[in-house]
Amino acid sequence: MVASGTGTQLAIGCEDGSVKIFQVVPGGIQFERNLDRRKGRVLCLSWHRSGTHIVAGSIDFFRVIDVASGQTVQRIMVNHQVEKAKRECVVWAIALLSSGTVVSADSFGRVQFWDWEQGTLAESHTVSTSAALSLAVSEKEDSIVVGTSTGATYQLQLLPVKLGGLEKCWVRTKPFQFHSHDVRAVAHSSTALISGGLDAQLVIRPLMEKVQKKGYDAVLRKFTFPHRRLVSCARKARLLLFQFSQYLELWRLGSTEETGKDGEVLPPCRMPEHLVQLKSKGPEHIYCSCVSPCGTWVGYSTASRFQLYRVRCDGDGVSLRKVPKVPKLLPPAYQLQFSADSESLFVASARGSVHVFQLLEPGGCKHLHTLQPPSGCSEAVYLLAPSADGHWLAAVSGDWAIHIYNLKCFQHHCVVPAYSCAVSALAIHPSTNNLVIAYSDQQLFEFSIPEKQYTSWSRAVQSRGLHRTWLERDSPITHITFNPKNPAHILLHDTYLLCILDKSLPLPDDSTLLMNQSTLKQLPETARKRQLHAFKICKKFQPLLFMDLLDENCLVVVERPIMDFKTQLPLAVQQKKFGT
Amino acid sequence: KSLLNSAIRTQSTSQYLLCASGDFVKVYSVNTEETLRLMGGHADLVTGIQLNPHNHMQLYSSSLDGTIKLWDFMDGIPIKVLLLLVSDRFFFLWSDTFQLVSVKLTKGAGQDLESKELSVVLDGVGASVKHIAFGREGAYVVSVKDVTLQVYFFKRKLLNRFSLSTVKTKGGDNRFSCVVCHPTEDCIATGHADGKIRLWRNFHHRKEYTYSTLHWHHDIVMDLAFSVEGTRLLSGGVESVLVQWHNESSCQKDFLPRLGSPIEYISMSSDGALCCTLHTDNRITIINSNLRFSRSIQGLIKSRDVKTGLVVDPRTKALVLNGEPGHLQFYSLQSDQQLFSLDIVQRQYIHQAGLKQSDLVKVAFSAQGTWLATVEESEEVTDPELQLKLWFYSEETQSFTLNTRINTPHDNHITDMCFRDMDELGDDSLILVTTGRDCVFKVWVMVEDTDPEGKSAHESVSWSCDFVGSYHNYQATNCCFSEDGSLLAVSFEETVTVWDSLTWDLKCTFCHPPGNIRNICFGRLTCSKYLIGATDYGFLCCWNLLTCALEWSAHLNIVVLQPDPLSEHIAAVSWLSKESSLFVFKPNEPRPLYIQRNLCKEKILLAAFVPRDEPETISSEKYLWLRKSQLFFLTDTQELMTLSTKSLEERLTPSSKQLAVEESLPVTPFSLLLGKHRHQQAQEDTDLGKPVVHNKQEQASPAVKELLHTPAHVLPSASFLCTIFINSLLISKENKSAEEVADEVEMESEKADGDSDEEDVTVMEQEDTSPMELLGEMTCKLSKSQEKELRKIRKMDYSWIAAF
């Protein structure tokens, strides 16, 4: 399925060999017509920039279709050279350049350049011994990135044959091997090559020659986990809800009665217990989920439906009952959040709106109110943070604006001053009602809701600047929580570290060591005092999915070892490696 | 003094292969593998050769002597000599940094030109020719050094410098090893120390340059070459595999494996039909364009380390030494080619650094060459795995077959080995002696096998140990049999012991402290009562075996002591203050017969006397000791040298020169028609051409020089010398007339004047000219009668010189 350059039309290739054109209308799509149907499944499509032609790749051939007439103008066999092999050649990816050149990537590992008008092969590059699966062209059409089934991506560049000359040819230049499995999707931004593969990784590889200055863009980034909260915790009931792509799992935490020193593993007196697995119906992926703090409500949402369940624990048995007559939401939730007293549910929705539901005993719910920014908003809300006293709610929409609502009177309270970066996590302090915001560029802000301004600590942080090592980290903060015992403590975590931010301590400057916990341990008590700074970082748990404070002396940390899902991956393409 | 085949850089057309070898440029025929011409004239090492891009029959060569010469290699005539004030064409040395300079080729009419117009193009370039390449149509020049690539565009005067990271990760090593440019496109190919090949494009942008990588080699890429069209790229390295990459794609590549030894250089012929690879063992392989092995030109194999010494095979008179790893090469000196290679170790050799492999360390032949003893040991220092093998020459197969294998003959390294040389007594008296660092020497004899199944006489014998001797628990270092085989001398550190070979009794000991004995040998023929020894502390001693006393000793740091098997002469090579000197003496006289100081700058490690097929007529009294055999030296850079009494040009047979003329004609029906006519003409041409080619004449008569350089107190009376002096003047005048015709006189005289060491120069000149009868026929006929007379006079008069 590919949209045309103007975004007004949508072309869909089908298994039966037909290509259907849909008109994009406000609020949906509308079938327009069928283009010329030929035998052979359509595997890939590409629009010409002008929207006049579509090229469709199939097995052993691809064809160029004139959109206006709907007729096939050219049908080109890609399998001519390798007739002896008798293997079918699957065109996995295709691109139609504005010059009229068709670029095809096929299962023989070739990237071929065709003149579609003549139907002739201009260039052929065998980039890999295994299949070339994906293809993306840069905006200027002078560079192509190809993903292959061995996990390697290659860049092809249009370079002059003679310096300063007009004649140009495509040259395979940089190979990158960052994936272990198929590279299913690639994208070409102006400064980076982006690839995603079957090994559940997203890799952003900067093109150093295009990057102007050293910064976030100039570093290779690898993402394994989504920058979203996939685990929610019922603090009072000590339950954890894990969100998987097709199902939810509810676990009861184990506990121990013993105490020990740092580094010891205590024997649990009660083992953690898998209570229930909740499968979502249909093929859709679960988009968001949440468990209420009391542990009696579980809600989740897919792309089309929103579901709410009532959990009853009687003795050892756990029963789940679907809450009937949940108000239909269109579109469904982008984020779910229960209030601290578990009496209401906040549903983040499109156009900057947040729906407030009242939860009723023994198992019902009622739509109370819909909160909306006064100026209106086109983007959906993706993060919610209710205050512990039930007074405030902070909501972040896709345009990165943070709106704060008063829940007592269901009114818009204020907007946090705009910052040119995405919000990755936010939370409201239970005692001071200060909103702590973490941005994706690793900046931290504290905003006082009652006073509608940044706190003095936040200003101090901004004037002083955060530590360089902190700013150069890879992954954004995904969750923020607080220590009720010590209001100066803010607990943060990302995929690789867990941090206790102590506002009462001085901020570190660039000359000091940011991660100094191990060195502090070796120092005597008096010297340690002088070395202390605000960031107390622990990197013991990696990759870290979730961290929350259950009660005053109990912290729950969810770690997901990479090997857990690496072992579930299918076998990688066999490659002979020299020296093995 | 001649150098045999230490090739440096090759350039080839489809018919001729040009190769810089030592001070010379060699021209080989591609079709016959024959050396067509040896172009000498450079006074020092030739560092680079390049075909003239405008005329493929011309060649530029550069040398460390600071000149660039333009040759017409068809005739072997230097066309122009360009004198650079500094050292080299491409580079000159300035405190460890090399610079690339451009030289304007002046269009002067004269032959010798001096160029002062030098302009520095690039600073800090790599020292090797492989580190510099010129781009398409000479638009830019590329140089690599360490991890930096420099491109200089001549027109835009733009210098771009690209650096790779110096960090060595995962066995990666980004240092450049070689660079070549695409002939038609703007693409640079570089080889790297970790085996990668990078293809650079867009390098006129400082930032948006890009490269792709080809990786097959597991170790350093030694050289690269593009085909003429640029569609194929050849690469080679230590794997001994030539890799052909198509269209710069890493997926399409062809291999030519098993080339024998690591590839050092790759060169394409100018028409693209052939390519050739030069290997580290001094071999050139010619390869077809479809990557098929065509033929190879093999000189003396350069092995990693000559441990066996120079040994002469008594049967073939070939020089025998380490060849390929684990092999023994038989190298024919007459034809400058390898006769055959004998696999001694019989194990697969793996090209990998740090791997301990067995190699051949000692070799000895029996007097008639029927038995060959070899010792091999693994490279481990502490526990060498030793094997002594005895080989018998079988007449049927015309090669050596293994007779006995003895594992661990000694507990430590074997230091020396010799056979008892007794021609008249036959095989039964054959004795082999080995000395080891385990402080013993062992005597090995043949025993008859008790097994009746043995068929032939030699299959039924095997070797076993007969006697083990030691002396005060000293390490045995050398052993030597006297000429009649009755005495065995074994040196134990500081002491030489003499043993009776029948009863194995210790007869007497000799000692000349301080210092260990380095070499020992017995005198021969009339001097067989003498034993010669050289010590570490620089003494050459001669002991009389009859009186058991020191006859004489001399203070000389002798590194090589080599007796001539056919005469009493012993050659000793000393190494003093960075130069090697040669002394030839007879043991019964403490005064040397012949001294050649400053033989060469390199250290001479080994020497051997090779018997001549027939005694040569040597006119000069000074070289009489070379009459029966020829002396060869091997230096530490593995160059083989010899003292020659002939000029180099004469070594090449005239037939090969005719061949060159024939081959230069393209074969067309018309040329075939004209063939007969041309053949006659060509013969006339060569007849006429000869005197011109060979005109290298002497400056002054040897007799005059002899007269002037002999110390006054040993000269006979003046009246006695007068006739010789006058006679010699007469002869040299005859020669002068012929000399005036020659073109090269100026050059020759210049060379002579420039050289400071006058004594040596005279010797060299003399070598060039002494065999008069082989010069052009016309001069020969004219002076034959006079020459006879002269020889008579010389023989008579020079007898007094023999007294020295």
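These legends accompany close-up views of a predicted model.

**View 1. The largest nonpolar core holds 29 residues.** Seven residues have the most contacts inside this core: Val496(B), Phe510(B), Leu531(B), Ile532(B), Leu540(B), Leu561(B) and Phe585(B). Val496(B) shows how such a residue is surrounded. Leaving aside residues up to four places away in sequence, Val496(B) touches Ala489(B), Val490(B), Ser491(B), Cys508(B) and Thr509(B), among others. Its contacts also include Phe510(B), Ile517(B), Ile520(B), Leu531(B) and Trp543(B). A second core is separate and has 23 residues. Among its members are Ala425(A), Ala438(A), Val461(A) and Ile480(A).

**View 2. Helix α1 of chain A has a buried face.** The helix spans residues 456–464. Its buried residues are Trp457(A), Ser458(A) and Val461(A). Seen down the axis of α1(A), these residues fall within an arc of 100°, so they line one face of the helix. The face turned away from that buried side carries two exposed residues, Ser456(A) and Ser463(A). What do the buried residues of α1(A) pack against? They meet β39 (444–448), β40 (453–454) and β43 (498–502) of chain A. Gly465(A) follows the helix, and its phi is positive, near 85°. Val461(A) is also listed in the second core, the one with 23 residues.

**View 3. Four strands of chain B form an open sheet.** The order is β49-β50-β51-β52, with antiparallel pairing. The edges are β49 (558–563) and β52 (594–600), each pairing on one side only. On average, neighbouring strands of this sheet are turned by 20° against each other, direction ignored. Strand β51(B) covers residues 579–585. It is joined to β52(B) by 4 bridges, and the two run antiparallel. In one of these strand contacts, Ser580(B) has Cys600(B) of β52(B) as its bridge partner.

**View 4. An open sheet in chain A also has 4 strands.** Its order is β1-β2-β3-β4, and the pairing is antiparallel. Strands β1 (2–3) and β4 (28–34) are the edges, and each pairs on one side only. Within the sheet, β2 (residues 9–13) is joined to β3 (residues 19–25) by 5 bridges. These two strands run antiparallel. Which residue of β3(A) is the bridge partner of Ala11(A)? The partner is Ile21(A).

**View 5. Phe330(B) and Phe400(B) form a stacked aromatic pair.** The count of aromatic pairs over all chains comes to 45. In this one, the ring centres are 6.2 Å apart and the planes lie at 25°, so the pair counts as stacked. The pair links distant parts of the chain, 70 residues apart. Phe330(B) sits in strand β31 (residues 327–332), and Phe400(B) sits in strand β36 (residues 399–407). Both residues are buried.

**View 6. Aromatic residues of chain B gather in one cluster.** Phe441(B), Phe467(B) and Phe492(B) belong to this cluster.

Methods: Residues are numbered from 1 along each chain as its sequence is written. Chains are lettered from A and ligands numbered from 1 in the order in which they are written. This is a predicted model: local features need pLDDT of at least 70, side-chain atom pairs count only at pLDDT 80 or more; totals for chains, interfaces and linings use all residues. Side-chain values use heavy atoms; hydrogens and water are left out. A nonpolar core is a set of buried Ala, Val, Leu, Ile, Met, Phe, Trp, Tyr and Cys residues joined through side-chain atoms within 4.5 Å. Buried means under 20% relative accessible area, exposed over 50%, partly exposed in between (1.4 Å probe, protein chains only). Contact means heavy atoms within 4.5 Å. Two strands pair if DSSP finds at least two bridges between them. Axes are lines fitted to C-alpha atoms, for helices over the stretch in contact, and angles run from 0 to 180 degrees between N-to-C directions. The arc is that of the directions from the helix axis to the C-beta atoms. Rings of Phe, Tyr and Trp (its six-membered ring) pair if their centres lie within 6.5 Å; planes under 30 degrees apart count as stacked, over 60 as edge-to-face and the rest as tilted.
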